[in-house]
Amino acid sequence: MENPMEKTIDFALLMRALKRFWLLVVILGVVGAAVGLGAAVMLVKPTYRATALIFAWSDVEQGSKTQSSDGDKNKDDSDRINDSRMEQEMALAKLRSYQLLTQQLTVGNLLMPDFQALLNSRKLRQKIDETLKVKLGDKFTPKYKLTAQPLPRTRFVEVSVMCHDQELAPQIINDAVRIFSAEARDMLGVNNTQIIDEAKVAVKVSPRPILYTIGGLLLGLLLGGGIGFLIDYMDKSIRDIKDLENDFNLPVLGVLPEVSAGNGGDLWAQDTKSTYGEAVRSMRVNVEYLLPETGRAKIFLVSSANKGDGKSSVMSSLAVSIAKIEKRVLLIDVDLRRPRQHRVFKLSNKVGLVDLLVSKKSFDELVHRDVKVPGLDVLTCGTIPVNPTDLLGSRRLEDFLREQAQNYDYIFLDAPPTLGFADPMILGNLADSTIITCDYRRANTDQLKVIIDRLRKSNVRLGGLVINRFQMQNRSDYYYSYQHYYYQYMPDNEQDESVEAAADNQKA
């Protein structure tokens, strides 16, 4: 049984594609209309139609007329007998007259296939061609079509010709009906024919530019809509945050806008009124809802779909934002393949987590305290090991995280990308929640689906998604409304501050 929801989904996809590629649809529609009009005017050869009208009846009418005359004679004889019989004969005459007309019309309709066959016969066409060649000479071109059409409920027959020469069409049809009348008498027994109207001019019947234009417009719109739908269907980038949440059954914890390259290395120090700073604070609020009701620290694993998605910058910004609300935060760089946090915070990476796991050095000897903001401690990677997967799967790391969970409100683990490495699956089972970061500019929903399915099969508890480097000019996304509102709100706030500063200067 067909699922009605599938139709709704398909219609929604089509409407989204039309909304996204409406300009392409309009352009192709206009181009199609122009091509149709050009084809009608320049490419299609015009066709002209000329008509003539003839009146025809068969021998049955003569017999009927004889019967009618006999009826009239009988009626006259009956008039001499008595008046009552005269009225009966008059009624009978009317009935016979009606039957005569009906019979004539029926015979005419039955003769129409014969008329059409006669018009298309080789004998008639040959006679018409010979007659026209004598009259027109080299001007005559034997490319024409003859048709016969009865007028409804009459004994009139309309004979028409279709050809590409407007001047020759009337001559062709006039000679054709004369020859046709003669052949109809000889072959079909239609002894009484009369030409009522001869053709004087021919009218253009095709092509009709308006029809070609409308047809080209519709084809162009259909082609544009099909191309747009195909592109939209094949496009696996993130287009709608709501659809992303519904497809993966995961909340989007944050949408961080794209910032200039000059600010990329110091994102947590952005102006508190910046769009990026506001987005980080919104993400912080969403992350706080993931905390369990118990008071112990929440351990978050932050990974990404691919390398270069900006997970380290997102994670450092989130850690700083949480530390600013007087929370104790520990950030651990567990990416033992391409560590990044020491570069983000400009810290030494000579010793770190690896040394803690393979040597007897204590945590206090290796951790960097109060980095950039009070309450934020950072444990860098340290020496890159030969076997990072085995080291991350050791019991000592699990014991270390359980111990530090008693000392911190939040613990963030900066893990390697999920695609292609087993490290996030191992570390995900040590964390209370895993956050996946993806770059909006190059995210692939099919790839995200593979990553999420892979983590879920490994029993990793997923907390949500973070969209990084979101391009705010993408107005189709509902997050744009929030960013737009933020920009509209800020000038008033700045104006109030300038007014207050001017008032303070006056008081001084």
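## Burial and overall make-up

In this predicted model, 41% of the 508 residues of the chain count as buried. The chain holds 18 helices and 12 strands. Among contacts with a separation of 6 or more, 80% are between residues 24 or more positions apart.

Ile-241 belongs to helix H8 (residues 241–248) and is buried, because its relative accessibility is 0%.

## Nonpolar cores

The largest nonpolar core comprises 30 residues, and those with the most contacts inside it are Ile-128, Tyr-144, Leu-146, Val-161, Ile-172 and Ile-173. Two or more residues each come from strand S1 (47–57), helices H4 (83–119), H5 (122–136) and H6 (168–188), and strands S2 (144–150) and S3 (156–163). H6 gives the most, with 9 residues.

Beyond its neighbours within four places in sequence, Ile-128 is in contact with Tyr-144, Leu-146, Ala-176 and Ile-179. Another core, of 28 residues, lies apart from the largest one; Met-283, Ala-323, Val-329 and Ile-435 are among its members.

## Surface

The accessible surface of the chain is about 28,300 Å², and carbon and sulfur atoms account for 54% of this. Trp-22, Leu-23, Val-26, Ile-27, Val-30, Val-31 and Val-35 make a nonpolar surface patch of about 660 Å². Ile-27 is part of helix H2 (residues 22–43); with a relative accessibility of 44%, Ile-27 is partly exposed.

## Salt bridges

There are 19 salt bridges in the structure. Within helix H9 (residues 275–288), Glu-278 and Arg-281 are 3 residues apart, about one turn of the helix, and their side chains form a salt bridge with an N to O distance of 2.9 Å. Both partners are partly exposed, Glu-278 at 22% relative accessibility and Arg-281 at 25%.

Arg-369 and Asp-377 form a salt bridge in which the closest N and O atoms are 2.8 Å apart. Arg-369 is partly exposed at 40%, whereas Asp-377 is buried at 2%. A further salt bridge joins the side chains of Asp-439 and Arg-469 (2.9 Å, N to O). Asp-439 is in strand S11 (residues 433–439) and Arg-469 in strand S12 (residues 462–470), so this pair ties together parts 30 residues apart in sequence. Asp-439 is buried at 1%, while Arg-469 is partly exposed at 23%.

How values were computed. Residues numbered from 1 in each chain as written. Predicted model: local features only at pLDDT ≥ 70, side-chain atom pairs only at ≥ 80, totals over all residues. Heavy atoms only, no water. Core = buried A, V, L, I, M, F, W, Y, C linked by side-chain atoms within 4.5 Å. Buried < 20%, exposed > 50% of the residue type's maximum accessible area, 1.4 Å probe, protein only. Helix = DSSP H or I, 4+ residues; strand = E, 2+ residues; numbered from the N terminus. Contact = heavy atoms within 4.5 Å. Patch = residues over 30% accessible without salt bridge, like charges linked within 9 Å, V, L, I, M, F, W, Y side chains within 5 Å. Areas by Shrake-Rupley, 256 points an atom, 1.4 Å probe, with all protein chains shown as cover. Salt bridge = Lys/Arg side-chain N within 4 Å of Asp/Glu carboxyl O.
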